[in-house]
Amino acid sequence: MNFELKTMDVAQAASEKCDLLVLLVPDGFAPGKDALGDLVAQAIKAKDLDTKPGKSLHSYQVAGVAARRVVLAGIGAGDARAVRQAVAAVAPALKQGAPKRAVVCVAGAASAAAVEAVVRGVAQASYVYTATKSKAEARSLARVLVGVHDARAMSAPFERAVAVSVGVELAREWGNRPANHATPNLLAQAAKGLAKHPGIQCKVLGPAEVAHLGMGAFMAVARGAEEPLRFIELRYQGAAKTQAPVVLVGKGITFDTGGISIKPAPEMDEMKFDMCGAASVLGVFRALAELQPAINVVGLIPACENMPDGRAVKPGDVVTSMSGQTIEILNTDAEGRLVLCDALTYAQRFKPAAMIDIATLTGACVIALGGVRSGLFASDDTLASALQAAGEASDDLCWRMPLDDDYAEGLKTNFADVANVAGRPAGSVTAAKFLQRFAGEQPWAHLDIAGTAWKGGAAKGATGRPVGLLVHYLLERAATAVPSTGTSSPARRRKGSAAPAA
Ligand code: BES
Ligand code: MN
Ligand code: ZN
């Protein structure tokens, strides 16, 4: 889908030829004396239009308006939250009647956050999953023109929102694909596909190379599967080679049966989403490809299935991780931390400036925080507040959880350096404490997205979180980083980080 940004007022919006015009109307808006302005004025006067977010009025072939369908939608005070609510409320109109070209115009002055909310909301609402449907109707919406009071001033947030939307959509798509259509190898192919964009490189390791590296924990998880594991390494270079990268590590369990510690049958299908951390890393790289920010980023994805089998790892087995630490695998369903720990060790070769892992790690995190906020664990206060702030700015919220050493007591065992599970209490914290042993000296954060990466029930599907949070964090970092002198950084067009040229 193609988004464009244009300066327009309500009268100009009326002259835009399109299938659907959505006019977002704030409280107290004073309409002008044009056809669309009259419609708004009359509708407000007759109380047919309420400017509260969530309220809307639909009309058809309005005289003096070029659009076929017109939807007036209230945005209250015009803040990002209200805009999100308004766009969500008119979401069905973006699909009904298969509009190809839509104009979404914000009446009055809009904040940057509100413009971002328009783009993100429209993209979110118009996504259609089709990959495994035989008669699926693809998304109809091909072009969306976003009309604002001052396009020039809104250009950077607009470009950022478009890039985040593209990344979120890629993450949703791979999250949604069933495990037999999203194998470790297919994820690796998707990552390789990203390397066609400038600044991105991709390397994929198979079982032999992973064995050579000594990733005994990762290999233990993959043992029970016929589907071969993949270790995916993505690199984005937007700054000088000498600048230390941010390393992102995404859990890529393409299906989690639990292994020998097998999960109960109900809702086990949802364990196809257990690679949403990996999908979010792909999504972030897709957004980086769009924006080309001045930063270096490495993405690592250990990808495999967790299956029960005659060859599968068994409870009580002890394996040696790449770090040299031995691990007693007391529960084969605590596999995420096993694939991640070797990836965290591998990451040390990049001498990261910061490292963030993203994982659908624990059911306990779903109990603690539900689907509203991801769990944030961090060894470093500065990194924690930057991620928390990025979450607020992108409406992709997280909440900091503790990492006191006392939580690690339960990971002690008589038979190895560490066990892969502690008891039931504070399950998401003990999982994070396990990872911390492998995280190295640089600032490290862990995002437990078990509750936020997908929705269950009738709206079952991947959310694309936390692509928004991560992209905002990386852009903020790129904008505030002191550019290193000497070695020059690649000169490519950058979007979304500065005001555009006139
Ligand atoms: N992928 C699951 C975590 C999960 C469960 C995410 C349910 C979302 C919904 C993870 O691999 C897992 O099975 N974790 C176990 C850990 C336990 C054995 C210590 C869990 O949370 O039950
Ligand atoms: Mn599991
Ligand atoms: Zn899992």
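Visitor: Let's start with H6 and H15. Is their crossing left-handed or right-handed?
Guide: The crossing of H6 and H15 is right-handed. Keep in mind that this is a predicted model.

Visitor: At what angle do H6 and H15 pack?
Guide: The angle is about 140°. The two axes are 9 Å apart.

Visitor: And what do we call that arrangement of H6 and H15?
Guide: Oblique. Angles over 145 degrees would count as roughly antiparallel, so H6 and H15 are classed as oblique to each other.

Visitor: Which residues make the contact?
Guide: From H6, Arg-160, Val-164, Gly-167, Val-168 and Ala-171 take part. From H15, the partners are Val-467, Gly-468, Val-471, His-472 and Leu-475.

Visitor: How do the residues of that contact divide?
Guide: In the contact of H6 with H15, six are nonpolar, three polar and one charged.

Visitor: What sits in the loop between strand E20 and H15?
Guide: Pro-466 is there. E20 covers residues 461-462, and H15 covers 467-480.

Visitor: Is the bond joining Arg-465 and Pro-466 cis or trans?
Guide: Arg-465 and Pro-466 are joined by a cis peptide bond. Omega is about 0°. Most peptide bonds are trans.

Visitor: Back to H6. How does H6 cross H10?
Guide: Their axes come within 7 Å and cross at roughly 150°. H6 and H10 are therefore roughly antiparallel. This crossing is right-handed.

Visitor: Which residues of H6 and H10 touch?
Guide: On H6, they include Glu-159, Arg-160, Ala-163, Leu-170 and Trp-174. On H10, they include Cys-276, Ser-280, Leu-282, Arg-286 and Glu-290.

Visitor: How many residues of the contact of H6 with H10 are nonpolar?
Guide: There are 11 nonpolar residues. Four are polar and four are charged.

Visitor: What about H7 and H10? At what angle do they cross?
Guide: Roughly 10°, with the axes coming within 10 Å. That makes H7 roughly parallel to H10. H7 passes H10 in a left-handed crossing.

Visitor: Which residues make the contact of H7 and H10?
Guide: H7 brings Leu-187, Ala-190, Ala-191 and Leu-194. H10 brings Ala-278, Leu-282, Phe-285 and Arg-286. By class, that contact has seven nonpolar residues, no polar ones and one charged.

Visitor: New topic: metals. What coordinates the zinc ion, ligand 3?
Guide: The zinc ion (ligand 3) is coordinated by Lys-251 through NZ, Asp-256 and Asp-274 through OD, and Glu-335 through OE. The distances are 2.0 to 2.4 Å.

Visitor: Is the site of the zinc ion octahedral or irregular?
Guide: Octahedral. The site of the zinc ion (ligand 3) has six donor atoms, with angles of 79 to 174° among them. Ideal angles are 90 or 180 degrees for six octahedral donors.

Visitor: How are the zinc donor residues spaced in sequence?
Guide: The pattern is K-x4-D-x17-D-x60-E. Lys-251 lies in the loop between strands E9 and E10. Asp-274 lies in the loop between E10 and H10. Those two are 23 residues apart.

Visitor: What else is in the loop between E10 and H10?
Guide: Glu-267 is found there. Glu-267 has a positive phi of about 65° although it is not a glycine. Most residues other than glycine have a negative phi.

Visitor: Last one. Which residue bridges the two metal ions?
Guide: Asp-256 bridges the manganese ion (ligand 2) and the zinc ion (ligand 3). The two ions lie 3.2 Å apart.

How values were computed
Residues are numbered from 1 along each chain as its sequence is written. Chains are lettered from A and ligands numbered from 1 in the order in which they are written. This is a predicted model: local features need pLDDT of at least 70, side-chain atom pairs count only at pLDDT 80 or more; totals for chains, interfaces and linings use all residues. Side-chain values use heavy atoms; hydrogens and water are left out. Axes are lines fitted to C-alpha atoms, for helices over the stretch in contact, and angles run from 0 to 180 degrees between N-to-C directions. Helices (H or I, at least four residues) and strands (E, at least two) are DSSP runs, numbered from the N terminus. Angles under 35 degrees count as roughly parallel, over 145 as roughly antiparallel, 65 to 115 as roughly perpendicular and the rest as oblique. A crossing is left-handed if the near helix is turned anticlockwise from the far one by less than a right angle, and right-handed if clockwise. Contact means heavy atoms within 4.5 Å. Ala, Val, Leu, Ile, Met, Phe, Trp, Tyr, Cys and Pro count as nonpolar, Asp, Glu, Lys and Arg as charged, and the others, Gly among them, as polar. Donors are N, O and S atoms within 2.8 Å of the metal (3.2 Å for Na, K and Ca); water is not among the atoms, so sites may look incomplete. Four donors count as tetrahedral if all angles lie between 85 and 135 degrees; four count as square planar and six as octahedral if opposite donors are over 155 degrees apart and all others between 65 and 115; anything else is irregular.
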